[in-house]
Amino acid sequence: MNVRYFKNYEELSSYGAGLLKSSLESQDEPVLCAASGNSPSLLYDNFVESINGDDDWVQKLRILGLDEWIGVPKGDSNSCESYLKKFLVDPLKIEDDRFLRFHSNPK
């Protein structure tokens, strides 16, 4: 195991964004299984910023939402789906058919 220490959240997020980008851009069919919540927010901001027009591989990127709240209506601003749309899907212009997520109100 390789343990790394960072001075702060900003340094950690910057490093993580670079690691994420290099991992995804080397794949033929990249899939990002993305968590919602405060912890990855700055990492996602840095990741989106690092793309900076380099969208050849982003056109193939699929985002898989890791989590969702049961019973929260689709489109609710408190849903995990809304969070991922705000931080990743919309800024990266990921089309709906490449954004895979849970249904929050299953039968």
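**Exercise 1.** Is G53 buried or exposed, and what is its relative accessibility?

*Solution.* Begin with the ground rules: this is a predicted model, in which local features need pLDDT of at least 70 and side-chain atom pairs count only at pLDDT 80 or more, whereas totals for chains, interfaces and linings use all residues. Residues are numbered from 1 along each chain as its sequence is written, and side-chain values use heavy atoms, with hydrogens and water left out.

Then apply the cut-offs, by which buried means under 20% relative accessible area, exposed over 50%, and partly exposed in between (1.4 Å probe, protein chains only). G53 counts as exposed because its relative accessibility is 65%. Finally, the C-alpha atoms of G53 and L92 are separated by 9.6 Å, although the two residues are 39 residues apart along the chain.

**Exercise 2.** Describe the largest nonpolar core and the elements that supply it.

*Solution.* A nonpolar core is a set of buried Ala, Val, Leu, Ile, Met, Phe, Trp, Tyr and Cys residues joined through side-chain atoms within 4.5 Å. The largest such core has 22 residues, and those with the most contacts inside it are Y44, F47, L61, I63, L88, L92 and I94. At least two core residues come from each of α1 (9–25), β1 (31–34), α2 (41–51) and α3 (80–92), and α3 provides the largest share, six residues. Now look at F47, taking contact to mean heavy atoms within 4.5 Å: once residues up to four places away in sequence are set aside, F47 touches A17, L20, K21, L24, W57, L88 and L92. As background, nonpolar side chains tend to be buried together in soluble globular proteins.

**Exercise 3.** Work out the setting of S36, from its place in the chain to its partners.

*Solution.* S36 sits in the loop between β1 and α2, and it counts as buried because its relative accessible area is 18%. Leaving aside neighbours within four places in sequence, S36 is in contact with D67, C80 and Y83. With D67, the contact includes a polar one between the two side chains (3.1 Å); a polar contact is a pair of N or O atoms within 3.5 Å, where, within protein, one must be able to donate a hydrogen and the other to accept it, and residues adjacent in sequence count only if both atoms are side-chain atoms.

**Exercise 4.** Compare the salt bridge of R62 and E29 with that of E81 and K85, and then find the network.

*Solution.* A salt bridge is a side-chain nitrogen of Lys or Arg within 4 Å of a carboxyl oxygen of Asp or Glu, and by this rule there are five. In one of them, the closest N and O atoms of R62 and E29 are 3.8 Å apart; this pair links distant parts of the chain, with R62 in strand β2 and E29 in the loop between α1 and β1, 33 residues apart. R62 is partly exposed at 30% relative accessibility, while E29 is exposed at 61%.

E81 and K85 meet in a salt bridge of 3.7 Å, N to O, and both lie in helix α3, four residues apart, about one turn of the helix. Here E81 is buried at 8%, and K85 is partly exposed at 28%.
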